Amino acid sequence: MSSVSHAHDHHDDHAHDTPHGWRRWLYATNHKDIGTLYLIFAFVSLLAGGVMALLIRLELFQPGLQFIRPELFNQLTTMHGLVMVFGAIMPAFVGFANLMIPMQIGASDMAFARMNNFSFWIMPVAASLLLSSFFVPGGATAAGWTLYAPLSVQMGPGMDMAIFAIHLMGASSIMGSINIIVTILNMRAPGMTLMKMPMFCWTWLITAYLLIAVMPVLAGAITMVLTDRHFGTSFFSAAGGGDPVMYQHIFWFFGHPEVYIMILPAFGIVSEVIPAFSRKRLFGYSSMVYATGSIAILSFIVWAHHMFATGMPVTGQLFFMYATMLIAVPTGVKIFNWIATMWKGSMTFETPMLWAIGFIFVFTLGGFTGLILAIAPIDIMVQDTYYVVAHFHYVLVAGSLFALYAGFYFWAPKWTGFMVNDFRGKVHFWGSMIFFNLTFFPMHFLGLAGMPRRYADYPVQFADFNAIASIGGLGFGLMQVYFLIWVVLPAYRGGQKAEAKAWEGAEGLEWTLPSPAPFHTFETPPTVK
């Protein structure tokens, strides 16, 4: 008997032994702490990538070479792309997954808590490695974020650092994906069938499968670049019997599903914000699930639409053109469903709803320019111009980033217990929306007029639109600093306490579940009266 009580006492001692201070974060296994770490890391990356973008826009403010020599300019474009894709957008969505998925399915935590910790802590190491490549002989890689061979085979040691950093980030993504899949498939609350899950869980489940399928492909491509560089292979060297175009095939077989990896979780967030502020159930839930799955499957058969200018046979051009246009169908289903959800709803326009509606508006515009770029004869004319830059920033900034902000404003009361200041949120939204369009809309005209990407200088005919874009870019950057100082930090310090139902009138719809909301770990269980 005494041994049992002794064991019980021993257990009690450890019950209060939760780590504090830096140990709480370094050894974190709690999904909320890890989700928070991911979001902080992603925002720091966003600011770092944003500084690079502003340096690029500073140089392009006027024609002529003013501030930045062309080699550094190309290093900045490369690193801006890599940091934003692998450091900002993807980790932010993984942070959302960590915070929300266990709560939404009624699980106590993620399936593999220690692997979760490891997959996060790889990221800052990889990011440090990537950014420190600026300080090695020859500087950071200037091969573009796509790292095309044979150029990437001839770069300095910064290229090796980039390759290693991407390997690490890929390993992190694969671990995170395994964790998400196992959590969703094995840890749902009783009664939570797959077709009753919130859309955010569905979009992340599908995204996680995409990640596991394509990250090894990217690893293969950059490993072949590595062996071409140092071990005498000739995968991508025509002189040794290799093929430089093969690199593009392998890279884009990763790269096209990758762009859907960056937008599908955004679709999930928007699919939860829109119903909550329309006070209606999501229109066509099952068609949304099937549309998400269709987009994921189709994303594997369109990769060479990035390669229309490489001398592909016309048959190949036709196949990739039609397959790409087919993706517009499930995407159109989603947009129709969001609009149908709002139709005749009791809509209110709090900050999360503004971001979600803003998302639909600008993402649709970006989708249309994508459809235009899918048409091979047009693409051959505007390939590698600012038209392409405008297109992918409309889907990645106005798509992924706007949805992330919608999710932050929507769920932050759940995470922190405090409401975010709605007026400041609206200032952030309208400022971002106006400056975003000011930055990237003129780029469509620049591209149609023939201004190429990745050039540090340009003829004077492009000066006016470039000046407008640079001013817009500075404004957009300042709005994100405003978000940090006047929205996030005050919310961190506290403020108006959030009610159990944070958004007035959206009770029950906050989870957009056909079943009752699962008990989640943010609050103590209700006491039985």
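What follows is a working chat about a predicted model of a protein chain.

Trainee: How does the radius of gyration sit against that of a compact globule?

Mentor: A compact globule with 529 residues would have a radius of gyration near 24 Å, and the protein chain has 24 Å, so the two agree. Along its principal axes, the C-alpha trace spans about 80 × 60 × 45 Å.

Trainee: Which residues in the largest nonpolar core touch the most other members?

Mentor: Those are F86, W204 and F359, in a core of 164 residues, and the helix that gives the most to this core is α4, residues 70-105, with 21 residues.

Trainee: Let's stay with F359 for a moment; what does F359 touch beyond its neighbours up to four places away in sequence?

Mentor: Leaving those neighbours aside, F359 touches I263, A266, F267 and V270, then W338 and T364, and finally A398, G399, F402 and A403.

Trainee: What about contacts across the whole chain, how many join residues at least 24 apart?

Mentor: If you take the contacts between residues at least 6 apart in sequence, 83% of them join residues at least 24 apart.

Trainee: Changing topic to the backbone, where is the cis peptide bond?

Mentor: It joins A149 and P150, with omega at about 0°, and P150 lies in the loop between α5 (113-132) and α6 (151-154).

Trainee: Which loop has D384, and is D384 buried or partly exposed?

Mentor: D384 is in the loop between α14 (376-382) and α15 (386-416), where its phi is near 60°, a positive value in a residue other than glycine. With a relative accessibility of 35%, D384 counts as partly exposed.

Trainee: And what is phi for R454?

Mentor: R454 also has a positive phi, near 60°, and belongs to the loop between α16 (422-448) and α17 (463-493). Its relative accessible area is 28%, so R454 is partly exposed.

Trainee: Last one, how many positive and negative side chains are there?

Mentor: There are 23 positive and 24 negative side chains, and the centres of the two sets lie 8 Å apart.

Conventions. Residues are numbered from 1 along each chain as its sequence is written. This is a predicted model: local features need pLDDT of at least 70, side-chain atom pairs count only at pLDDT 80 or more; totals for chains, interfaces and linings use all residues. Side-chain values use heavy atoms; hydrogens and water are left out. A nonpolar core is a set of buried Ala, Val, Leu, Ile, Met, Phe, Trp, Tyr and Cys residues joined through side-chain atoms within 4.5 Å. Buried means under 20% relative accessible area, exposed over 50%, partly exposed in between (1.4 Å probe, protein chains only). Helices (H or I, at least four residues) and strands (E, at least two) are DSSP runs, numbered from the N terminus. Contact means heavy atoms within 4.5 Å. The radius of gyration is taken over C-alpha atoms; the globule rule is 2.2 Å times the number of residues to the power 0.38. Lys and Arg count as positive and Asp and Glu as negative; His and the chain ends are not counted. The place of a charge is taken as NZ of Lys, CZ of Arg, CG of Asp or CD of Glu.
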